[in-house]
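Here is a short briefing to read alongside the structure. Keep the model open as you go, and look up each residue as it comes along.

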Amino acid sequence: MTQIAIIGGTGLTRFDEFTLTDRVELDTPFGKPSSEFVCGQIDGKNIVFLARHGDPHSIPPHKINYRANIWGLKQLGVEQIIAVAAVGGITSAMAPAHIAIPDQIIDYSYGRQHTFFEDGPDAVTHIDFTHPYTPSLRARLILAAAHAKIAVTPIGTYGCTQGPRLETTAEIARMERDGCDLVGMTGMPEAALAKEQRMDYAAIAVVANWAAGKTEGEISMEEIERHLHTGMAKTRALLKELIALG
Ligand code: HPA
């Protein structure tokens, strides 16, 4: 049976929708993952949950050990990853609390450990990254959303910034000119590392706020938390439906 994993982002530190079967702590050649791997079952299906920012939420985006997280999931036999990520909305459809299933990425992050291919026989390996999100897994998410009657935008370009600060108005304007619909801080190198490990990977992007300069005034943490609360309730329902559909 295909093992599916959920990587929970800001606003989704725990996943209580399954029956807990195990908690696995792993060390990897790349160091410690963000948290223990929480294993459980829904409808007889095995699920692994990982809190990307740790549990409790304590690791900022630029300090996440993305390699250890992906390596650990691979060791556990995971073949498909659903990444849940809080994002800022750039284009007009991406209003707070809305959900998108992105299909493209532009990477603006820097200085992160972004590949498994550094030395040894695999050092000169160039993975294909034409489709950073696995089309078949995205299609299943979009179908599950339709079944659960959750409105999602089935497409979108995710721009990954370095953080931890939010962006300037000019940076968001540039990202919009580049074609970004969404801005977040954790999509890369996570997606590329999953691809290097030949795992399917798709994301549920939950809009927490309008990106910088898209509204009057500044972005507040209170606003982010409020919209994430609504968006993550929909995300939990979407994940349950995805798993039920198999
Ligand atoms: N920018 C970057 N990352 C984010 C944002 C944002 O506005 N909101 C939630 N994650």
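Arg198 sits in the loop that runs between H4 and S11. In this predicted model, Arg198 has a phi near 55°, a positive value in a residue other than glycine. Is Arg198 buried or exposed? With a relative accessible area of 76%, Arg198 is exposed, since anything over 50% counts as such.

**Other backbone points worth a look**

- As background, most residues other than glycine have a negative phi, and most peptide bonds are trans.
- Ala97 is not a glycine either, yet its phi is positive, at about 80°.
- You will find Ala97 in the loop between S5 and strand S6 (99–100).
- Ala97 counts as buried because its relative accessibility is 11%, and the cut-off for buried is under 20%.

**Cis peptide bonds**

- The bond from Asp55 to Pro56 is cis, and its omega is near 5°.
- Pro56 belongs to the loop between strand S4 (45–51) and helix H1 (66–75).
- Met188 and Pro189 are also joined by a cis peptide bond, with omega about 10°.
- Pro189 lies in the loop between strand S10 (182–184) and helix H4 (190–196).

**Helix H1**

- How many of the 10 residues of H1 are buried? The count is 7, so H1 is largely enclosed by the rest of the structure.
- Those buried residues are Tyr66, Arg67, Ala68, Asn69, Ile70, Gly72 and Leu73.
- Their cover includes strand S1 (3–8), strand S3 (37–42), S4, S5 and H4.

**Helix H2**

- Helix H2 covers residues 135–147, and at 1.5 Å a residue its 13 residues should span 18 Å. The end C-alpha atoms of H2 are 18 Å apart, which agrees with that expectation.
- Leu137, Arg138, Leu141, Ala144 and Ala145 are buried in H2.
- Viewed down the axis of H2, these buried residues fall within an arc of 120°, so they line one face of the helix.

**The largest pocket**

- A probe the size of a water molecule, rolled over the atoms, shows where empty space is left.
- The largest pocket has a volume of about 610 Å³.
- Its lining holds 32 residues, and Thr10, Ala86, Met221, Ile224 and Leu228 are the ones nearest its centre.
- At least two lining residues of the largest pocket come from each of S5, S10, S11 and H5.
- Which element gives the largest share of the lining of the largest pocket? H5 does, with 8 residues.
- Sorted by class, the lining of the largest pocket has 18 nonpolar, 10 polar and 4 charged residues.

**The second largest pocket**

- The second largest pocket holds about 320 Å³ of space.
- Of the 18 residues that line the second largest pocket, Arg23, Ser35, Glu36, Val38 and Asp55 lie nearest its centre.
- Strand S2 (19–24) and S4 each supply at least two of the residues that line the second largest pocket.
- By class, the lining of the second largest pocket divides into 8 nonpolar, 3 polar and 7 charged residues.

**The cavity**

- How many cavities of 30 Å³ or more does a search of the whole structure find? The search finds 1.
- The largest cavity has a volume of about 30 Å³.
- Around the largest cavity you will find Arg52, Ala85, Tyr133, Tyr158, Thr186, Gly187, Tyr201 and Ala203 as lining residues.
- The lining of the largest cavity has 5 nonpolar, 2 polar and 1 charged residues.

How values were computed. Residues are numbered from 1 along each chain as its sequence is written. This is a predicted model: local features need pLDDT of at least 70, side-chain atom pairs count only at pLDDT 80 or more; totals for chains, interfaces and linings use all residues. Side-chain values use heavy atoms; hydrogens and water are left out. Helices (H or I, at least four residues) and strands (E, at least two) are DSSP runs, numbered from the N terminus. The expected span of a helix is 1.5 Å times one less than its number of residues. Buried means under 20% relative accessible area, exposed over 50%, partly exposed in between (1.4 Å probe, protein chains only). The arc is that of the directions from the helix axis to the C-beta atoms. On a 1 Å grid over the protein atoms alone, a cavity is a set of points where a 1.4 Å probe fits but cannot get out, and a pocket is an open set with protein on both sides within 12 Å along at least five of seven lines; lining residues have an atom within 4 Å of a point. Grid points are joined across faces, edges and corners, and a volume is the space filled by probe spheres set on the points. Ala, Val, Leu, Ile, Met, Phe, Trp, Tyr, Cys and Pro count as nonpolar, Asp, Glu, Lys and Arg as charged, and the others, Gly among them, as polar. Contact means heavy atoms within 4.5 Å.
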